[in-house]
Amino acid sequence: MFKRYLGFWRDAFDFRGGAYRLDYWWISVINALILALILFITLGLGRSWTLASIFGSAFGLVSFVPNLSLTVRRLRDTGMSARGMALFFMSPTLLGLVGSALAGLQLGRFAPIAWLIYTLGILFVISRRSAYWTPFLPGKVKIAYAFGFVIAIILTVGLNVWTFQQAIGDAFTNLTKQPAQSAQPAQQSATSSSASSTSKTVDDTDQVSAYQKLPETTIGDSDFGYFKVRGTWQQDTQSLQWWQMPQNVMILTSTMGQGWGVDFTSFPFKETMDQRAFVLRHFASVKAFRIDGTYQDPQTGKDEAMTYLEWHMPDGHIRVVYIIAQTRPLVDAVVTTLGATFDTNE
């Protein structure tokens with residue numbers, strides 16, 4: 001087993017030989033496990049997206065040519081011609097053109113089907129038997145490889161799930177707690193004075209009124225789109241996550257590729273109360289939905305109002321928004337402004 005993986009690096013520039021199915025899939029699963037270990041150490045334990053990006057990209061860059069040559073050898077072993085291999089490597093571009101065509105014809109909902117057919121086709125092509133001969137493996141060797149595959153896949157999936165659960169949990173926790181040192185002294189004084197007078201009760205009407213009196217500003221970017229909010233907002237520059245400290249309001253936005261949608265339980269509701277349609281004034285024909293509920297702050301244990309929004313743009317790409325605030329009327333005020341002002345142009 002170890003020799004087969006060493007051969008992956010030794011034959012990094014061999015584009016003329018062949019590679020059996022066992023060689024290809026064994027090396028692929030080991031590389032996936034190595035990448036999972038890199039993310040586990042840098043992101044799961046080290047809590048550093050920067051290190052995860054650096055080391056993950058470095059491994060991808062170093063293994064790019066060996067992976068390319070391995071794929072060429074695997075295709076050659078199946079008997080594929082040079083033209084067939086050229087079409088194989090051009091297929092991602094062709095898939096993108098198909099997706100664009102479906103979007104242009106207002107058939108973006110069929111893009112996942114095209115992607116599934118493409119993925120199954122790639123797996124079929126790579127997994128075909130050798131066109132020449134397949135080496136005989138004793139039964140004990142087959143069992144050893146089967147056991148190795150199962151262990152490697154379980155470890156890879158387990159490490160990835162644990163790593164990203166930790167990373168997402170940390171990111172969301174950091175966003176939902178108020179930064180202690182990011183406000184200006186004057187703002188801190190005003191906030192602490194207001195908090196002392198309303199520490200026991202929160203007047204929903206006063207919060208909404210105070211929000212609506214704040215100056216209007218625009219947040220977002222060219223990828224997600226833009227919308228209006230009230231007050232001064234700060235952004236986590238590594239992601240589209242925004243917060244307004246005086247009223248402790250958090251907005252998280254996300255842009256997803258074409259697909260089946262986003263699992264809104266990624267940031268779980270403590271309680272889901274209502275689900276209904278959501279209207280975008282500038283995209284009235286776009287179907288959008290809204291889910292309301294409560295979210296429990298992991299730092300304070302207090303329940304806060306939470307709303308999840310999702311809609312699919314005409315090109316098939318998905319927009320997702322989470323809004324968390326202390327009261328439901330304040331969340332409603334933010335949602336109303338967002339629905340009335342969201343646009344793809346600033």
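## A strand between two hairpins, and a helix pair

In the hairpin that links strand 8 and strand 9, five residues lie between the strands, and Gly316 among them takes a positive phi near 90 degrees. Strands here are DSSP runs of E with at least two residues, helices are runs of H or I with at least four, and both are numbered from the N terminus.

Before going further, a word on the model: it is predicted, with local features needing pLDDT of at least 70 and side-chain atom pairs counting only at pLDDT 80 or more, while totals for chains, interfaces and linings use all residues. Residues are numbered from 1 along each chain as its sequence is written, and side-chain values use heavy atoms, leaving out hydrogens and water.

Overall, the chain holds 10 helices and nine strands. Of its 346 residues, 38% are buried, that is, under 20% relative accessible area with a 1.4 Å probe and protein chains only; over 50% is exposed, and partly exposed lies in between.

Back to strand 8 (residues 303-312): eight of its 10 residues are buried, so the rest of the structure largely encloses this strand.

| Strand pair | Direction | Bridges |
|---|---|---|
| Strand 7 (residues 288-296) and strand 8 | antiparallel | nine bridges |
| Strand 8 and strand 9 (residues 318-325) | antiparallel | eight bridges |

On one side, Thr294 stands opposite Ala305 in strand 8; on the other, Met306 faces Ile324 in strand 9. The hairpin of strand 7 and strand 8 has six residues between the strands, and there Gly301 takes a positive phi near 80 degrees.

Now for the helices. Helix 9 (residues 204-213) and helix 10 (residues 328-341) pack at about 25 degrees, with axes 8 Å apart. The two helices are therefore roughly parallel, a term for angles under 35 degrees. Helix 9 brings Asp204, Gln207, Val208 and Tyr211 to the contact, and helix 10 brings Pro329, Leu330, Ala333 and Val334; contact means heavy atoms within 4.5 Å.

Finally, look at Ala131, in the loop between helix 6 (111-126) and helix 7 (139-176). With 45% relative accessibility, Ala131 counts as partly exposed. Setting aside neighbours within four places in sequence, Ala131 is in contact with Asp77, Thr78 and Gly79. Ala131 and Asp77 are 54 residues apart in sequence, yet their C-alpha atoms are 6.0 Å apart in space.

Methods
Axes are lines fitted to C-alpha atoms, for helices over the stretch in contact, and angles run from 0 to 180 degrees between N-to-C directions. Angles under 35 degrees count as roughly parallel, over 145 as roughly antiparallel, 65 to 115 as roughly perpendicular and the rest as oblique. Two strands pair if DSSP finds at least two bridges between them.
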